[in-house]
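Reader: I would like to learn how to read a model like this one, feature by feature. Could you take me through it slowly?

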Amino acid sequence: MHELSIARQLLTVADREAKLHGWSVVESVTVSVGLLSDIEPTALDFAFGGARSLYTGFEQCNLAIMHQPATAHCPSCVWHGELTELRFDCPRCGKRGLRVDASSEVTITAMTVGD
Ligand SMILES: [Zn+2]
């Protein structure tokens, strides 16, 4: 399962970061998910909930998933703007062939720590 390996990678990175800073309890991890990452947020949340107990200090950690918007431009009408969901037809002229500059990355953007 794709999301499980991503959840483990995120926890490994967050765990390394927490140890580096001497944080004993991590309350939440916020991740930014690119539009092309092909991640199912509920599946990722579920996988994270299952894997977090393997990491000391993460037993009660919550995962917050933010969607990273993508920019796009239309070669037909020169529209340029931001997309919050993936599409390939232009929002202005309706023609297909929208050039989408979306990320496929999942990155940790914030961590909340306890004491
Ligand atoms: Zn257009």
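Predicted model: local features only at pLDDT ≥ 70, side-chain atom pairs only at ≥ 80, totals over all residues.

Reader: How should I read a sheet, and in what order do the strands of the open sheet stand?

Author: In general, the strands of a sheet pair through backbone hydrogen bonds, and they do so either parallel or antiparallel. Here, the open sheet has 3 strands in the order 4-3-5, with antiparallel pairing. Strand 4 and strand 5 (99–101) stand at the edges with a single partner strand each, so one side of each is left without a neighbour in the sheet. From one strand to the next, the twist averages 30 degrees.

Reader: How many bridges join strand 3 to strand 4, and how many join strand 3 to strand 5?

Author: Strand 3 (residues 70–73) is joined to strand 4 (residues 80–83) by 4 bridges, the two running antiparallel, and in this pairing A70 stands opposite L83 of strand 4. Between strand 3 and strand 5, which also run antiparallel, there are 3 bridges, and there T71 stands opposite D101 of strand 5.

Reader: What do strand 3 and strand 4 form, and which residue in the turn has a positive phi?

Author: They form a hairpin with 6 residues between them, and the residue in the turn is V78, whose phi is about 65 degrees. This positive value occurs although V78 is not a glycine. V78 counts as exposed because it has 10 C-beta neighbours inside 10 Å, where the cut-off for exposed is 12 or fewer.

Reader: Where is D38 placed, and is D38 buried or exposed?

Author: D38 is in the loop between strand 1 (26–34) and helix 2 (41–51). The phi of D38, a residue other than glycine, is positive and near 60 degrees. With 11 C-beta neighbours inside 10 Å, D38 counts as exposed.

Reader: How do I describe two packed helices, and at what angle do the axes of helix 1 and helix 2 cross?

Author: Two packed helices are described by the angle between their axes and by the distance between the axes. In this model, the axes of helix 1 (residues 2–21) and helix 2 come within 8 Å and cross at roughly 55 degrees, and the two helices are therefore oblique to each other. The crossing of helix 1 past helix 2 is right-handed. Helix 1 makes the contact with E3, L4, I6, A7, R8 and L11, while helix 2 contributes A43, L44, A47, F48 and A51. By class, the residues of this contact between helix 1 and helix 2 are 9 nonpolar, no polar and 2 charged.

Technical notes:
Residues numbered from 1 in each chain as written. Pairing = 2+ DSSP bridges. Axes fitted to C-alpha atoms, helices over the stretch in contact; angles between N-to-C directions. Buried ≥ 20, exposed ≤ 12 C-beta atoms within 10 Å, placed from the backbone. Parallel < 35°, antiparallel > 145°, perpendicular 65-115°, else oblique. Left-handed = near helix turned anticlockwise from the far one by under 90°. Contact = placed C-beta atoms within 7 Å. Nonpolar A, V, L, I, M, F, W, Y, C, P; charged D, E, K, R; others polar.
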